[in-house]
Amino acid sequence: MHTPAPPNRRCCFTSSVCGLFLCLLLLPPRICFAGDPYVFYDWTVSYLTASPLGQKQQVIGINGQFPGPILNVTTNWNVVVNVKNHLDEPLLLTWNGIQQRKNSWQDGVLGTNCPIPAGWNWTYQFQVKDQIGSFFYFPSLSFQRAAGGYGGIIVNNREVIAVPFGLPDGDINLFVGDWYTKSHKDLREDIEDGKNLQVPDGILMNGFGPYRFLNVLKTGKTYRFRVHNVGISTSLNFRIQNHNLLLVETEGSYTVQQNYTNMDIHVGQSYSFLVTMDQNASSDYYIVASPRDVNLSTWNKASGVAILHYSNSQGPASGPLPDPPNAYDTFFSMNQARSIRL
């Protein structure tokens, strides 16, 4: 049984029908064209029990998934997401980097959206347009992002629009970010008490700690890696042992295609790389995300490592992890960012 909303906020979130009716009244007419397709999602946000770093803890999942489901849409589509809040506190989901055309109150940020109370639902409706690429969503309130609740957004080209590179043989979303075994509520209380965040307990890749297999990939094939830094405070350097990263897109913009051996990915950023499985299959290979601009002697446990596994691999990954850039080269990340051209 739902708890009634406060009287002065009832119209904001009593139901998706109320929200849509209010949207039609307040927003300028024709926020989308009748001929553009609609896609509908029904999401339940709730606590799950998981063991990202080997010990059981409470995480935030969507439809029983951690990380959450991929929002896979095509440019010009109208997206309708009905979000049911089964947490014990208010919730907002924000669509990081997605332009809110002709309105601002579907963006899931406090001030333009009313929070969804525990036990209630809200239906987001927005159109994706002219931003073809990789994004992610996450909870924007109360430090909940530290517990999960995030997932990927893919905005595809329409068929009549050419992609400036060959069609890859597969598409891989990779969510990397710092992680604490302390609950988001305790972390939030620490911050409110004026305490600094401590060294994270680890770096997760797709919700797992070190040395998990990422995917089974085929020799000679090229895959699109959409890499998102979903953490709360830690910049990361991303690299794949013995493989080049061909940068092709960042947050809805195609880039001049350039090869990198590693890439600094800061909190909230998303990049797309084409990675060709051009090594021999004598072994698996390490995928690494390590902290940047920190004292590595105190952060030595906070590196994310996954395993890139060739389908015909002859053995496990071996040798040292691929080296990061010089931790004290403060200009590396800025110069690397300047090298990216649209």
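Reader: What is the order of the open sheet of 6 strands, and what is its pairing?

Author: The order is β10-β9-β12-β17-β14-β15, and the pairing is mixed. This is a predicted model, in which local features need pLDDT of at least 70 and side-chain atom pairs count only at pLDDT 80 or more, while totals for chains, interfaces and linings use all residues. Residues are numbered from 1 along each chain as its sequence is written, and side-chain values use heavy atoms, with hydrogens and water left out. Strands here are DSSP runs of E with at least two residues, numbered from the N terminus.

Reader: What makes β10 and β15 stand at the edges?

Author: β10 (202–205) and β15 (253–260) each have a single partner strand, so one side of each has no neighbour in the sheet. Two strands pair if DSSP finds at least two bridges between them.

Reader: How do you know that β12 pairs with β17?

Author: There are 7 bridges between β12 and β17, and the definition asks for at least two, so they are a pair. The two strands run antiparallel. One of the bridges sets H228 against S270 in β17.

Reader: Which way does β9 run relative to β12, parallel or antiparallel?

Author: Strand β9 (residues 170–179) and β12 run parallel and are joined by 7 bridges. H228 in β12 is the bridge partner of F175.

Reader: Why is strand β12 described as largely enclosed?

Author: Strand β12 (residues 222–229) has 8 of its 8 residues buried, so the rest of the structure largely encloses it. Buried means under 20% relative accessible area, exposed means over 50%, and partly exposed is in between (1.4 Å probe, protein chains only). T222, R224, R226 and H228 point one way from β12, Y223, F225, V227 and N229 point the other way, and all are buried.

Reader: Why is Q269 called partly exposed?

Author: The relative accessibility of Q269 is 22%. That value lies between the 20% and 50% limits, so Q269 counts as partly exposed. Q269 is located in the loop between β16 and β17.

Reader: What does Q269 touch, leaving out residues up to four places away in sequence?

Author: Q269 touches F136, V227, H228, N229, E251 and D264, where contact means heavy atoms within 4.5 Å. Q269 and H228 are 41 residues apart along the chain, and their C-alpha atoms are separated by 5.9 Å.

Reader: What makes the approach of Q269 to H266 a polar contact?

Author: A polar atom of the Q269 side chain lies 2.9 Å from the backbone nitrogen of H266. A polar contact is a pair of N or O atoms within 3.5 Å; within protein, one must be able to donate a hydrogen and the other to accept it, and residues adjacent in sequence count only if both atoms are side-chain atoms. The distance of 2.9 Å is within that limit.

Reader: Why does N78 count as buried?

Author: N78 has 1% relative accessibility, which is under 20%, so N78 counts as buried. N78 is in strand β4 (residues 78–85).

Reader: How many residues of strand β7 are buried?

Author: In strand β7 (residues 133–139), 7 of 7 residues are buried. Strand β8 (residues 151–156) pairs with β7 in the antiparallel sense over 5 bridges, and Y137 stands opposite G151 in β8.

How values were computed: Helix = DSSP H or I, 4+ residues; strand = E, 2+ residues; numbered from the N terminus.
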